[in-house]
Structure formats: C-alpha cells, structure tokens
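Here is a short report for someone meeting this structure for the first time. Keep the sequence and the model open while you read.

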Amino acid sequence: MFICLGQCTTTADSEFKKNFNDVLLLTMDDTEFNEAQKILDNVEIPSKKDESDKNRWFGEIGSNKVTLLKAPHFGKTGASSGHDVLVYETIQELKPKAIVSLGVCDGVRKEAHFLGDVVVSSQVYFPERQEEGLSNFDRTTYDCNLGLVHLFDRGKFAWVGPCENVVIPKVHVGQFTTGLQDGDDKKRDSHKAGTIGIDTASKRVYVTCQNSGVPWLSCKSIAKWANDEYQNSTWCQFGAAVSASYVQHVLKRFYIPDEVQVFDKSVPKTCLPPMVPHFVGRQQKVEDISRTLMSTSTRLVSVSGPPGFGKTSLAIAAGHQLRQLGLPVYFLSLRSAKTAEELISDLLNTFAHTSSDVTGRERSKLCGLLSAIPSSICIILDNADVLFESGGETSQEVLDLLEKIFSHCKNVSFLLTTRTSLQTVLGRKFAGHTFVDVASLDRKSSQKLVKELVPAADESECCRVAEICGDVPLAIKLLCGQIVEEKSASQFLDHFSRSSKTIVALLDDPDAPSDQRLNLLFESYFKRLSREEQEAFVCLSVFVSEVFDEQAAVNVIGGDENTAKKTLLRLKRKYLVDGNSSGAVLSFHPLIRSFGLEKAADMKEIARDAEKRFLNYYIKLFEDLNNQFLAGNSLLVFRDFEFNKQNMVHCLSEDL
C-alpha cells in the first residue's frame with residue numbers, strides 16, 4: 001500500500017523530498033528499479049511517486065526514510081551518459097546520510113560463489129586503459145565506508161532469503177571492479193585474484209558517490225559470470241529481487257545514519273600504505289595470511305626473511321586483502337621504536353589520537369581503546385626487530401603487552417615482520433601463532449618480475465637477470481632500474497659483468513649475505529646515476545615517512561619545479577622510488593632509503609639544504625591545514641593531516 005500526498009507547492013515538495021534522506025538507494029535500469037519497487041510494495045512500505053521525476057520513489061524501510069532512484073545508463077562506460085549527473089543532482093538536493101547501490105553484477109569466482117549470491121563492496125577498483133594495451137593498466141581504488149560494510153556483513157546472520165522454498169543466497173564482502181567494457185576479458189582475468197564482482201555500468205556513479213563525501217557502498221547479486229557472452233533476463237530479475245531483499249533486510253534491522261556515525265567515531269581511520277608496484281610470486285602467501293587472520297583460531301602471524309626479500313611488501317599486500325574483506329587495518333613502521341613504551345605510544349597515537357606519558361595505566365587505557373572498537377581489526381607491526389632483538393627485558397615487556405591485548409581484546413589480531421625468525425619466541429607464548437618464512441622468489445616469478453620491469457627483455461635475458469640477482473626482488477628491481485634505459489639488456493649485462501666482477505661474483509655466491517649483495521649492487525647503481533639524479537635521491541632520503549606525495553618530493557628536491565619533476569620521473573623509471581597508479585603518492589623501500597641516508601653522509605651540504613626545504617614545506621603545510629580547519633573544511637583537512645602526520649610532527653618538533 002502506498003501513501004499518496006495531495007498536490008503541493010514546489011517549496012513544500014522539495015521539503016518533502018528532503019525528509020527522505022536517511023538512505024539513497026541507486027538502481028541502474030528498469031529491472032533493478034522495478035524489483036526494488038515491488039519488494040517495497042510487498043511489505044507495504046509507505047511511498048509517494050514523485051510527479052516531477054518518474055525515476056524517484058520515496059518511502060520507509062524500518063526506521064530509515066528512503067529515496068529510491070533509477071539512474072539509467074546508456075552508452076560506453078568511459079563517457080558520461082547523464083546518469084551520473086542525475087545522481088549528483090539528487091545528492092545535492094537531498095543531502096542523504098548514506099548511499100547504497102543495488103541491483104545485479106557479474107561474478108568471477110565460480111568455485112566459491114553461486115548465481116544469486118549477494119556481494120557487498122568494501123572497495124571499488126577502476127582499471128584504466130593504457131597505450132600499451134589491456135595487459136598494462138593503472139588502478140584507482142575507492143574505499144567504501146567501513147561502517148556500512150560492517151552493517152551489511154552483520155546482516156547475513158539473520159537473513160532468511162528473498163522468498164520461501166528457495167536456498168538462502170550467501171553474502172560475500174570484497175572488492176568490486178568497474179569501468180570494464182566489452183572485450184576487456186584480459187583485464188577481467190587480471191582482477192580475479194582480488195575481485196568478487198564486476199559492475200560494468202556504474203563507474204561514473206561510483207566516482208560521484210566517492211566525491212560526494214557521503215558514506216556509500218554497493219550491494220548487488222550475481223546474475224551471470226564475467227566471461228559469459230549472454231545475460232539471462234530471468235537471472236537478472238531474480239538477482240535484482242535478491243539484492244533489494246537483502247538491502248531491505250539490513251535497513252529494517254539498523255537505523256543506518258546512527259549506526260554509521262557510531263562506527264565512524266569508534267573505529268579510527270585505517271592507515272595502510274599503497275600496494276607495492278610489481279608484486280609477484282607471493283599471492284598464495286597473501287591468501288594464506290588473510291585466511292589465517294580472518295579465522296577465529298589464530299590472531300598472531302609473524303613474517304620473517306632477509307632484507308630485500310619482500311617482507312614489508314607481503315605484509316602490505318595481506319593488509320589490502322584484509323581491507324577488501326571489510327577488516328580495518330592499521331600499519332605501523334617500528335624502525336624507530338626501541339622499547340615497549342615507544343610501541344605503546346605509537347599504538348595510542350593511532351587509536352586515541354593523543355599522546356601522553358606512558359605508565360602502567362597506559363597499557364590498560366590501550367586495551368580499553370582497542371576492546372571498545374565494534375569490529376575485528378588487524379594491526380601490522382613492520383620491522384619489529386629491535387623490540388625482539390636481545391631477547392631480554394624489552395622483548396619480555398613486548399610479549400607481556402601482546403599477551404595482555406590478546407587477553408582483553410578479542411577483536412584484535414597482529415601481523416609482525418622481522419628479519420630474524422620469531423617462531424620459537426612467539427610459539428612458546430602464543431599457541432595460535434602462525435609463522436611465515438619469506439624466501440627468494442621461484443625462478444618463474446623472478447622472470448615474470450623482470451619482464452614487468454623491462455618489457456623489452458626476452459626470456460633468456462629475464463632468466464639471466466633473475467640468476468644474477470639470486471631471485472631477490474629488491475636486487476632485481478635495482479638491476480632492472482639500470483637496464484630499463486639501455487637499448488639492449490644483453491649488452492648491458494655483458495658490460496655489467498665485465499666492469500663489476502666483484503659484484504657479479506658476490507651476487508652469484510649463494511652463501512653471500514643478502515644485505516652485502518644489495519649494498520654492492522646499490523653502490524654500482526648509484527655510480528651510474530647522473531649527478532642531478534644522485535642529488536635528488538639524497539634529498540628524498542630526508543623524508544621521515546616511507547610514503548609521501550609528489551608535490552612534497554618536488555619541493556624537497558628544490559630548484560626549478562619542472563626540472564625537479566623530470567628528475568623525479570627518472571628515479572621512478574629506475575625503480576628507486578615507487579609510485580601509485582596516478583603518480584601522486586610515492587614510497588621509498590626502507591632499504592633503499594637507508595642507502596640514501598648513507599650517501600647523505602657523503603653529500604652533507606646537499607642533505608642539509610634538503611632538510612631545510614623539508615622542514616619549511618611541512619611547517620607551511622601545517623599552517624595551511626590549520627587555517628583550512630578553522631575555516632570549516634575539517635573533513636578534507638583531517639584526510640590530508642593523516643597522510644602527512646608523520647612528516648609534519650617531525651618537522652614541528654625539530655622547529656621547536
């Protein structure tokens with residue numbers, strides 16, 4: 001039954017619409033819109049048909065006042081067809097407190113999912129076509145609101161399905177891919193490892209939702225498999241009904257605005273470095289770590305291996321996998337932490353956004369903060385070697401701290417990375433501890449990595465590079481960085497072997513220490529850089545954080561801005577600096593940064609000038625963000641402050 005209202009004025013009609021702004025439900029076509037509308041009708045949701053726009057309906061689901069919008073899509077996914085404009089205008093008019101896109105999508109995991117299953121997005125990936133074809137593409141990732149993801153994940157435990165005498169569809173949380181067009185099968189295959197749903201029509205709608213700043217996610221049902229040529233209209237209709245049924249179920253259980261607000265206040269913003277480019281050969285370990293930490297039996301995983309083998313990259317990749325599954329993840333680099341008190345301080349700064357003198361009571365405060373988070377979380381402690389090095393008092397204090405956290409906080413799991421194995425130390429204390437050893441890559445993966453870094457290299461050249469580098473990922477990157485601008489990989493390798501006999505002998509020696517190999521390889525690499533590149537590299541070593549943005553890098557390098565950008569681009573091409581797909585976020589491998597700091601000792605004047613520019617840039621940035629905050633732009637400021645916090649705090653303390 002529908003509630004019909006009499007004719008009202010434009011102002012009154014506008015005010016009426018704004019009352020239905022708890023949740024904006026988005027559908028892309030008539031089938032999705034009609035099925036959602038039918039389900040609302042079946043449960044006698046009070047609604048009103050908007051006379052000025054046939055694409056919108058208003059009603060209530062539980063305590064939520066809801067607007068249902070049809071934003072029909074026409075044409076290719078790469079261009080706007082007006083549906084994103086309609087969504088934008090609706091968001092501006094209604095000011096919704098949450099947005100949920102519902103309907104159908106393509107599935108990619110036949111071995112784990114079924115047609116009709118519900119898939120909930122924790123992230124959305126946007127692969128972009130490059131000049132070199134489908135095999136080479138950039139990815140932009142949008143994170144969906146974790147509070148919404150948490151609610152839609154909780155809803156599955158009490159759902160009885162869309163109708164009687166039908167097997168209850170399962171609910172899965174994970175990553176969506178959008179923006180794919182017909183014929184992009186290679187791209188689809190590339191995303192199978194991380195994607196649970198492909199939504200071809202909603203790219204611009206998702207961009208609009210993300211840019212609005214409103215909490216959002218997508219909740220869709222699998223109507224066909226990604227590589228199936230034809231779409232079955234019956235499955236589309238059933239999938240649309242299933243998706244709408246599940247959305248209705250969640251909205252009847254929870255008042256969305258309050259639940260999301262409470263979650264966002266209780267759960268600190270996740271902090272996780274971007275995925276390391278060219279991550280190959282470790283996907284199975286990522287799956288194993290993620291599966292282990294998502295289980296209830298294991299809450300502690302330690303990863304160990306020699307320098308340059310990819311421990312941090314593996315931990316970051318596992319963190320992204322957990323984030324795709326809807327788990328908040330917090331990454332802390334502990335290179336500067338030497339005591340249990342400093343570890344507690346770092347954790348308090350992450351979860352309380354305050355710092356104070358660490359006392360015995362601070363440990364209880366930390367446990368209280370962690371246990372109050374209404375979600376399971378994972379904390380990654382990277383480079384925790386110093387805390388466990390001696391096996392003495394500090395090591396025991398850290399073990400006692402972990403034991404107390406596990407005892408009081410059933411929602412917390414840890415992923416640790418160290419150079420030396422903690423299997424014995426942690427195994428004695430924690431029965432559920434899982435140990436992961438990171439060895440060199442297998443030869444096939446090494447050759448694949450070389451091929452990604454040097455596309456022009458043939459199979460024998462890829463094999464030769466992998467062999468010279470002992471299948472060590474960082475060594476391969478350093479060597480390929482020297483090859484990438486040469487005309488012939490073979491000619492370079494011949495010249496390298498003749499001019500670097502000591503290095504080649506050391507790289508070929510399987511018993512040589514890995515850090516010694518890398519040091520010698522880096523020395524050889526550094527000598528081949530131009531003076532301009534050497535100075536820029538030393539300048540970048542002054543960054544305190546391992547992640548920073550391009551504008552900060554250009555300012556710290558100094559000189560003419562265009563020249564600095566070109567030099568930075570050359571360092572990226574030589575794999576001394578990693579960049580994300582857009583190039584705006586840069587990262588330094590910790591080991592490469594340590595090489596840079598060693599060189600800074602030999603180029604003191606260059607390093608000193610870079611340090612001054614570094615301090616000036618971040619102090620000025622802090623002043624600008626503070627002014628923006630006082631002007632009312634708190635959301636944008638908070639995001640920028642979180643990203644730059646480590647560098648800004650360091651500069652402010654140095655200035656004081």
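## Overall picture

Among contacts in the chain with a separation of 6 or more, 75% join residues 24 or more positions apart. A contact means heavy atoms within 4.5 Å. This is a predicted model: local features need pLDDT of at least 70, side-chain atom pairs count only at pLDDT 80 or more, and totals for chains, interfaces and linings use all residues. Residues are numbered from 1 along each chain as its sequence is written, and side-chain values use heavy atoms, with hydrogens and water left out.

The chain has 27 helices and 18 strands. Both are DSSP runs numbered from the N terminus: helices are H or I with at least four residues, strands are E with at least two. Of the 656 residues, 52% count as buried. Buried means under 20% relative accessible area, exposed means over 50%, and partly exposed lies in between, with a 1.4 Å probe and protein chains only.

## Aromatic rings

A search of the whole structure finds 14 aromatic pairs. Rings of Phe, Tyr and Trp (its six-membered ring) pair if their centres lie within 6.5 Å; planes under 30 degrees apart count as stacked, over 60 as edge-to-face and the rest as tilted. Two of the pairs involve Tyr246.

| Pair | Centre to centre | Angle between planes | Type |
|---|---|---|---|
| Phe152 and Tyr246 | 6.2 Å | 65° | edge-to-face |
| Trp159 and Tyr246 | 4.8 Å | 65° | edge-to-face |

Phe152 lies in helix α4 (residues 146–154) and Tyr246 in helix α7 (residues 233–253), so their pair ties together parts 94 residues apart in sequence. Trp159 sits in the loop between α4 and β8 (171–178), so its pair with Tyr246 in α7 ties together parts 87 residues apart. Phe152 and Tyr246 are buried. Trp159 is buried too.

Elsewhere, ring pairs link Phe543, Phe548, Phe614, Tyr617 and Tyr618 into a cluster. A charge also meets a ring: Lys65 lies over the face of Phe20, 5.2 Å from the ring centre. The test asks for NZ of Lys or CZ of Arg within 6 Å of the ring centre and within 35 degrees of the ring normal.

## Helix α9 and its cover

Which residues of α9 are buried? They are Val286, Ile289, Ser290, Thr292 and Leu293.

Val412 belongs to strand β14 (residues 412–418). At 1% relative accessibility, Val412 counts as buried. Val412 touches residues including Arg299, Leu370 and Ile377. Val412 and Ile377 are 35 residues apart in sequence, yet 5.2 Å apart in space, C-alpha to C-alpha.

## Cysteines

How many disulfides does the structure hold? It holds zero. A disulfide is a pair of cysteine sulfur atoms within 2.5 Å. For Cys469, the nearest cysteine sulfur is that of Cys480, 6.7 Å away. Cys469 is buried, with a relative accessible area of 1%. Cys378 is buried at 0%.

Methods. Lists of a residue's contacts leave out its neighbours within four places in sequence.
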